[in-house]
Amino acid sequence: MKLGFIGLGIMGKPMAKNLVRAGHDLTVFDFKDDAVQELVDLGATAAKDGKTVAEKSDIIFTMVPNSPNVEAALFNEGGVAEGLSAGKTVIDMSSINPLASQGFAKRLAKLNVGFLDAPVSGGEPKAIDGSIAFMVGGDKDLFDKNKELLDVMGGSVTYVGAVGAGNTTKLANQVIVALNIAAVSEGFALAKKAGLDPKMVFDAIHTGLAGSTVMDAKVPMMIARNFEPGFRVDLHIKDLQNALDTSHSLHVGLPLTAEVMEILQSVKNDGNGSDDHSAIAKFYEKMNDLTIE
């Protein structure tokens, strides 16, 4: 089975590396030459564009920022669609609007090409160690056929329904993560303003009911003033915008999501859009004239 991979960013590059290390024949494309070279050094083959990736591959993975980027990778001149033939499969691991996923699936079906939307959660550390969580939408037989490949990159691979269900599940995940980071930031801002040591507060509560994967991952970063991006503020804004757009189309109210969206926009406006989303804490620090450290 020959594989293709388009999008070697924070998440895509380590995921592609895991495929190569597992012994798969991988052709890669990205506009960043240094990222491509890292994969070539491991044994992958470089391609000049998405069309070439598709021509050389049976299964093509895409991992790019948002819906317009997926559309460009697939359907622009020199894109994946130009190199596809019947029987091939596209697995889009980007986090995008579910309606966009459904539209891409319909366009590819006209070429007799299968499509799965398979966004991931877990951030860069889990992409590196191969333990990210996949939530996958599409034809169940197509999912079953490709699950072993996703297992190479992920610790959890879950089928959630038809095309678009993967990204709807991811949007729910991103809503919960954003609200959780905001709640953690708010609670620790209170503790710091009261004169408590945030590290001691963390030790006291992180194994209790308030504890969460988010708390365990993000509070130590806040305390250490380490906002190196595992998942950037800019990308979380993108995800929440997709969540709000989807909620509006479904007539679902998401008032807390809208509030955290404004917090993230404030963080971005202060010049921190490339920080890790744990930088939500900076909003509370600025508002309350403190630092959570």
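Modeller: Gladly! This is a predicted model, where local features need pLDDT of at least 70, side-chain atom pairs count only at pLDDT 80 or more, and totals for chains, interfaces and linings use all residues. Residues are numbered from 1 along each chain as its sequence is written, and side-chain values use heavy atoms, with hydrogens and water left out.

In α11, V233, D234, H236, I237, L240, Q241 and L244 meet T257, A258, V260, M261, L264, Q265, V267, K268 and N272 of α12 (contact means heavy atoms within 4.5 Å). By class, this contact has nine nonpolar, five polar and two charged residues.

Colleague: What makes α11 roughly antiparallel to α12?

Modeller: The axes of α11 (residues 233-250) and α12 (residues 255-272) cross at roughly 150° and come within 10 Å. Angles over 145 degrees count as roughly antiparallel, under 35 as roughly parallel, 65 to 115 as roughly perpendicular and the rest as oblique, so α11 is roughly antiparallel to α12.

Colleague: Why is I59 called buried?

Modeller: Buried means under 20% relative accessible area, exposed over 50%, and partly exposed in between (1.4 Å probe, protein chains only). I59 has 4%, so I59 is buried. This residue lies in strand β4 (residues 59-62).

Colleague: Which residues of α11 are buried?

Modeller: Among them are V233, L235, H236 and I237. What covers the buried residues of α11 includes α5 (98-109), α8 (165-193) and α12.

Note on methods: Axes fitted to C-alpha atoms, helices over the stretch in contact; angles between N-to-C directions. Helix = DSSP H or I, 4+ residues; strand = E, 2+ residues; numbered from the N terminus. Nonpolar A, V, L, I, M, F, W, Y, C, P; charged D, E, K, R; others polar.
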